[in-house]
Structure formats: C-alpha cells, structure tokens
Amino acid sequence: MFGRKYWMLVLVGAAVLWGNAISLRAGCVQGKEQIKSKPNVLFIAIDDQNDWIGCLNGHPQVVTPNIDRLAQRGTLFSNAHCQSPLCNPSRTSLMTGLRPSSTGIYGLAPWIKSLPEFKDYETLPQYFSNRGYTTYTTGKIYHGRNGRQKKDTEFDVIGTASSVGARPKAKLVNTPSGHGLVDWGVFPHKDEDKGDWKVADWAIKTLEGPLSENKDDAFFLSVGFFLPHVPCYATQKWFDLYPEKELILPPIKLGDRQDTPDFSWYLHWNLPEPRLKFLTESNQLANLTRSYLASTSFVDSQVGRVLSALDKSGRSENTIVVLWSDHGFHLGEKEITGKNTLWEESTRVPLIFAGPGVSKGANCREPVELLDIYPTLLELCKFPAKQSLEGHSLVPQLVNSNQKRDFPAITTHNHDNHSVRSTRYRFIQYADGSEEFYDLQSDPNEWVNLSGRSELSLLIESHRKFLPDENRRPAPGSAKRILERRDGKVIWEGKEIKPQDPVPGL
Ligand SMILES: [Ca+2]
Ligand SMILES: [Ca+2]
C-alpha cells in the first residue's frame, strides 16, 4: 500500500520540518489524493533546434505543421532564449532553474550531480516526483547519459534512450574534423529506424498504456528528440519538401565578422562543426540547409505523433504541454556552422506552452528564458514558488501575452561572456571587456555592431546593468568547449590562444 513514493514524501516532509522551510511545506505534504486534481505535464525537448519553425518565421520555407498547431492551441514565446548555447549547460540550467554563471557548468562535462554542492539539488522532475507525480523520461533530456541511471533518481520510469538510429555505411560529407556525428544528407533508410521514431514510440506506448489506464495518477512525461542535431540524416520524403531549385539559403553577409571582437572567435575556437568557408568551397551550403530543414520537419512529425497519442489518451484536457529546444544553430551565418555563440542564431529557441491556464493562439514577444520553465510549471500546477530558482514564472504572459516583463533574456557561454537580449536589442560583453550591440528592429541579422557609439551609451548601459553579479569559474571537472581568461591569457581547452594565432578553419 505504502510504496516508495509514500516513504519519499515522509522523508521529504521530515526534511522540511527539520529545515523549517515553511514555504515548501504546502507542496511537500501533497499526497495522492491532493495530486488527483493537478494537471499533468508533457515536456517535449528538441535538440539544436533553431528558430526555423513555421510560427517563428526563422526560415520562410520550413514545414512544421504539428508544432505550429501546438502554438495555436497555446501560447508561443517568439523572443525566447537559451541560457547557454551548448547542450549540457543549457539543459543543466533549465532543469535546475539556475544560471550557468551560478553553477559553473559551461562545458559538456561535468554532470552537475557529480558536484558535492549540487548532489542533492532538487531538479524539475524531482520536484514533481517528490510531490506525488510519477515521472517518465525517454530520449535526450539531460546531456548524454546524465540522469538516466536508476541511481540518479532523476526520473521514476526511464524509457528508450536517444540515438541516431539508421546510419549510412560511411560519412556522406567529408568534413574537415572528420567527426563521426558532423554529417548530413539524404540516404535510403526507413523513418521507423530513426532514433527519434523509437523515442516517440516509447512515449506513445506510455500514453496508451499506464497513463490511459491510471487516470488518477498525475504524470510528468519528458520526451527528448535528438534531431536536428547532427548528423542531419533524413529520408527522401523529407528532402522532397525542400526542392533544391527553389531553396532559400540563410541570410549570410560576407565579412560579417570584421566588426566582431577577437573574443567572439575564441568562444568557438576549434570545433568539429565546419566554418562557412568549408561549406562554400565544397558546395555544401544548400545540402546542409536542406538536411537541417528535412530533419526539422521529421522531428515535427514525431512531435505530432506524440500529441495525437496525448489526445487519444483522454488526458489532454488536463495536461500542460511545454515544447522547447536547448539552443539554436548557425548554418553559415556569421561565417560558421553550429552553436557556441551569443548571437540570435544560437540563442533564439522555440518555446510553447499549451493546456489548462494557458491562452490559446497567443504570441508573446517579451524576452523570456528557458530558465523560466521551472517556476512556470510550478505555478501552473499550483505549487508554491521555489526560492532557489533564478527564472521568473511566465504565468502572467500565459494569461495575457501582452503583459510586459521586467527582465531581459541572458545567455552565457563560458566564464564571464554574456548576452543580454531585450525586446528590441542585444548587448554582448566578453570576458576581456569587448562588446557588441545590435538593434534587431533595423538589423534583424545582427550585421552592424553598434557598440562604442556615444549616442547609444545610456541605452547600452541599461542593458549592461542586467549582467549577472555572480560569475563562477568553471566547476571542477569542466571539460569540452571550455574557454577561460586567466591573467590576461586566453585558454581554449587547456591550451593558450596567442593574439597572433590564425583562427582555425578560416
Ligand atoms: Ca543541443
Ligand atoms: Ca557584422
């Protein structure tokens, strides 16, 4: 009768009394009876998905009918930004509700729960599990295998892991790094053999099975898709949506980097993702563009399969759906591919909420952060606010999408490099003090760096004041994509970059 969850509640309740944390108490004494009336959560993540989504107008040709339909059912945040343009730090921030500058998690390692200070930190799914929800996961939610071991206690039920699935016998594109994942193109295979199809399958079976049968059990189901993360492989059917003759290439300005500081190059100094130069010389820009669009449309179809299963389960009326991506992706803009930048292509992400308490067909243009998801879900599910969270609930915007917000969206990449995105502008400050400033109303591609213009100094200052006060050094065990400035020296992955060093790959 009294299962693991009961004892967990007893233990958590005892811990709360011990800690005298009165604000948390109401949430912790929720039993199965009180949880019955709570909304469920369907939490859908997409990997490396930029704003090339129909309702975001990031690419004029992209076909994403299912995500667009979800936006119609709920509220779209069309100025939403990640906290870090890289998987591990972005996802760590979203799941803990803490900024990268507050945890020191900037690289692909470490897993935050390996740090003694955060070992017992209550993440978003643990919050729900500790208060009576049953939490399920499939695919990529945390980076790599983080959080997917039973002993991690991140989720109650752990389903199919993320994978690429069907792959060609050899790489389709001979990229300079030779990295196995950095590849794209069309080759004959079946959609059913792709990793994301299998992830959707597991979610559908869970919705059709336990979640349809036990309608009194509140659930938190997280489903993490891997595409359009490289390798961007797709079947012909998805490529046919984007005929090469009619393809519109991303807006790319040659020489765009002439007015960006050297430090902007240090952020992505030497990565497996090729530069624009390689795409141009090997005639791959159109192929990569089509491959990314095709992968996006495929993922959209898998989102559609899961949403149909939710509708069929009879539980959609009482389920909050939140869909997000961990960061964006450049396809030649600013002379690079990939992420690891503080510009719009890297920071802007899809973010949609739908379900009880959420306005339908609304578009909120205020700057918001993925960090806001944790406090928003708590408020939508009628839990008390959690004091440690650094984001702000979006419920006011979910009720009225025109509701102003007092905070910009801040993106951080490595120690002490930040971007501050307001409704109209973007301010960037790098660790060496160099800056950029863009007016996205007149310059949506961020081509003209306006920093240093004296007539803008007050406006720039109004953005600078939002830079985080706390800037932790990289946490112990930090590795992969780590850049540090120490004693005036710039260190990329343990090796000094000298001022005269040529940018790799240019
Ligand atoms: Ca990612
Ligand atoms: Ca420029």
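Predicted model: local features only at pLDDT ≥ 70, side-chain atom pairs only at ≥ 80, totals over all residues.
Visitor: Why is Asp 217 called partly exposed?

Guide: Asp 217 has 15 C-beta neighbours inside 10 Å. A residue is buried at 20 or more such neighbours and exposed at 12 or fewer; the count for Asp 217 falls in between, and therefore Asp 217 is classed as partly exposed.

Visitor: Where does Asp 217 lie, and how far is Asp 217 from Thr 134 in sequence and in space?

Guide: Asp 217 belongs to the loop between helix 9 (210–213) and strand 7. Asp 217 is 83 residues from Thr 134 in sequence, with a C-alpha to C-alpha separation of 7.1 Å.

Visitor: What is the order of the strands in the open sheet, and why do strand 5 and strand 13 stand at the edges?

Guide: The 8 strands follow the order 5-4-7-1-9-12-2-13, with mixed pairing. Strand 5 (157–158) and strand 13 (362–364) each have a single partner strand, so one side of each lacks a neighbour in the sheet.

Visitor: Which residues of helix 4 are buried, and how do you know that they lie on the same side?

Guide: Asn 66, Ile 67, Leu 70 and Ala 71 are buried in helix 4 (residues 65–73). Their arc around the axis is only 145°, which places them on the same side of helix 4. These buried residues pack against strand 2 (74–77), helix 13, strand 9 and strand 12 (351–354).

Definitions and conventions:
Residues numbered from 1 in each chain as written. Chains lettered and ligands numbered in written order. Pairing = 2+ DSSP bridges. Helix = DSSP H or I, 4+ residues; strand = E, 2+ residues; numbered from the N terminus. Arc of directions from axis to C-beta. Contact = placed C-beta atoms within 7 Å.
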